[in-house]
Amino acid sequence: MHRALCRVFNPGILAQKGSLFLTRPTLGHYTANRGELVETAQDYFTALAQHRIVPEIGQRYPLADVQQAHRDLESRKTTGSTVLIP
């Protein structure tokens, strides 16, 4: 869901519509230990290399603007991936 929509969406409506729900999963729910984390990361990077996954790059910053990139990330002004260009 787009972040702006999440700010105005009332999750209580889901219950009124019939046992619908939303989640905000975290990595810890999918990897129980370091071995699983490494295996999952390897699967992800393999899929990237094979172009089965195409990341959404929302913004790019020159490395010299890393402070602005961090400010934008912290203030939720970014969407998708943020890339720093050396």
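Modeller: Leaving aside residues up to four places away in sequence, Q59 touches T78, T79, G80, S81, T82 and V83, where contact means heavy atoms within 4.5 Å. This is a predicted model, in which local features need pLDDT of at least 70 and side-chain atom pairs count only at pLDDT 80 or more, while totals for chains, interfaces and linings use all residues. Residues are numbered from 1 along each chain as its sequence is written, and side-chain values use heavy atoms, with hydrogens and water left out.

Q59 belongs to strand β1; helices (H or I, at least four residues) and strands (E, at least two) are DSSP runs, numbered from the N terminus. Q59 counts as buried because its relative accessibility is 15%; buried means under 20% relative accessible area, exposed over 50%, and partly exposed in between, with a 1.4 Å probe and protein chains only. The side chain of Q59 also reaches the backbone oxygen of S81 at 3.2 Å. Such a polar contact is a pair of N or O atoms within 3.5 Å; within protein, one must be able to donate a hydrogen and the other to accept it, and residues adjacent in sequence count only if both atoms are side-chain atoms.

We turn next to the surface. Y44, F45 and I53 make a nonpolar patch of about 290 Å². Patches consist of residues with over 30% relative accessible area and no salt bridge, with like charges joined within 9 Å and nonpolar side chains (Val, Leu, Ile, Met, Phe, Trp, Tyr) within 5 Å. A salt bridge is a side-chain nitrogen of Lys or Arg within 4 Å of a carboxyl oxygen of Asp or Glu. Accessible areas come from the Shrake-Rupley method with a 1.4 Å probe, and for residues only the protein chains shown count as cover.

I53 sits in the loop between α3 (34–49) and β1 (57–62) and is partly exposed because its relative accessible area is 32%. Y44 is partly exposed as well, at 37%, whereas F45 counts as exposed, at 53%.

The structure holds one aromatic pair. Y44 and F45 form this pair edge-to-face, 5.3 Å centre to centre with 70° between the planes. Rings of Phe, Tyr and Trp (its six-membered ring) pair if their centres lie within 6.5 Å; planes under 30 degrees apart count as stacked, over 60 as edge-to-face and the rest as tilted.

H51 also lies in the loop between α3 and β1. H51 has a positive phi of about 60° although it is not a glycine, and it counts as exposed because its relative accessibility is 66%.
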